[in-house]
Amino acid sequence: GLEVLDALPEMASLDMGLSAVTIGGVDHPILWTRTFLRNAAKMMLDRGIKPELEIYHDGMFTEAHMLIEEGLLTKPYFFSFVMGMTRGQGKVPYTPKHLLHLVDLLPPDSLFSVIGIGPSQLPATTMSILLGGNVRVGFEDNVYYRRGELAESNAQLVARTARLVRELGFEVASPQEAREMLRMPPLVGA
């Protein structure tokens, strides 16, 4: 439930709708209904928590637009496209064309990030960088550095991504710069 918001995180994920994950042959439905989304967005707004709007397929933009129209989200809107989660119903594989389509659907005043699951992590996040987006890498999404080679740590995956960002002619945002991009207040005591 929403009890996790009692911890007052600065950001929290908000999956934009219904889906299911199959683990060990058992379906686990994720029932993020419109009522749930409205309640979660309202709680986040009231508590100053920035929502990370997770999009698993383009139909989920309908729910995000609903929350925007109802004044439950503040600019800039921060979307994360989760791609390559093939164990789930209502999820899509990563392809460059699909990512371009999702980026085209972003409402004005939006930032985006791409989360590539498993073997799609490196190509999906690289494409996000090229499109001016942000990325998430790490063991939650992928444990391999390359095919057949386990990553040594999250730090190894982050270091590769930071190198790639610089090689492609971009800069890695500092924590303060990221906070400014998201229009989040500075950390207390920072």
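Modeller: Start with P76, which sits in the loop between α2 and β5. Keep in mind that this is a predicted model.

Biologist: What is the peptide bond from K75 to P76, cis or trans?

Modeller: Cis, with omega near -10 degrees.

Biologist: What makes K75 partly exposed?

Modeller: K75 has a relative accessibility of 42%. Buried means under 20% and exposed means over 50%. The value for K75 falls in between, so K75 counts as partly exposed.

Biologist: Which residue forms a salt bridge with K75?

Modeller: D109 does.

Biologist: How do you know that D109 and K75 form a salt bridge?

Modeller: Their closest N and O atoms are 3.1 Å apart. The cut-off is 4 Å between a side-chain nitrogen of Lys or Arg and a carboxyl oxygen of Asp or Glu. The pair is within that limit, so the label holds.

Biologist: What makes this a link between distant parts of the chain?

Modeller: D109 is in the loop between α3 (96–104) and β7, while K75 is in the loop between α2 and β5. The two are 34 residues apart.

Biologist: What is the phi of D109?

Modeller: It is positive, about 65 degrees, although D109 is not a glycine.

Biologist: Why is D109 called partly exposed?

Modeller: Its relative accessible area is 39%. The class runs between 20% and 50%, so D109 belongs there.

Biologist: Which other residue has a positive phi although it is not a glycine?

Modeller: L8, at about 55 degrees. L8 lies in the segment before β1.

Biologist: Is L8 buried or exposed, and why?

Modeller: L8 has a relative accessible area of 53%. Exposed means over 50%, so L8 is exposed.

Biologist: Back to salt bridges. How many does the structure hold?

Modeller: Nine. One of them joins the side chains of E70 and R38, at 2.8 Å from N to O. That pair also links distant parts of the chain: E70 in the loop between α2 (61–69) and β5, R38 in helix α1, 32 residues apart.

Biologist: Why are E70 and R38 called partly exposed?

Modeller: E70 has a relative accessible area of 38%. R38 stands at 31%.

Biologist: Which residues form a nonpolar patch on the surface?

Modeller: F139, V143, Y144 and L150, with about 360 Å² of accessible area together.

Biologist: Now the pockets. How much space lies in the largest pocket?

Modeller: About 930 Å³. The lining has 34 residues, and N134, V135, V172, A173 and A178 lie nearest the centre. The largest share, six residues, comes from α6.

Biologist: What is the class make-up of that lining?

Modeller: There are 18 nonpolar, nine polar and seven charged residues.

Biologist: And what is the volume of the second largest pocket?

Modeller: About 290 Å³. Its lining has 21 residues, with E10, G48, I49, K50 and P185 nearest the centre. Here α1 gives the largest share, three residues. By class, 14 are nonpolar, two polar and five charged.

How values were computed:
Residues are numbered from 1 along each chain as its sequence is written. This is a predicted model: local features need pLDDT of at least 70, side-chain atom pairs count only at pLDDT 80 or more; totals for chains, interfaces and linings use all residues. Side-chain values use heavy atoms; hydrogens and water are left out. Patches are made of residues with over 30% relative accessible area and no salt bridge: like charges are joined within 9 Å, nonpolar side chains (Val, Leu, Ile, Met, Phe, Trp, Tyr) within 5 Å. Accessible areas come from the Shrake-Rupley method with a 1.4 Å probe; for residues, only the protein chains shown count as cover. On a 1 Å grid over the protein atoms alone, a cavity is a set of points where a 1.4 Å probe fits but cannot get out, and a pocket is an open set with protein on both sides within 12 Å along at least five of seven lines; lining residues have an atom within 4 Å of a point. Grid points are joined across faces, edges and corners, and a volume is the space filled by probe spheres set on the points. Helices (H or I, at least four residues) and strands (E, at least two) are DSSP runs, numbered from the N terminus. Ala, Val, Leu, Ile, Met, Phe, Trp, Tyr, Cys and Pro count as nonpolar, Asp, Glu, Lys and Arg as charged, and the others, Gly among them, as polar. Buried means under 20% relative accessible area, exposed over 50%, partly exposed in between (1.4 Å probe, protein chains only).
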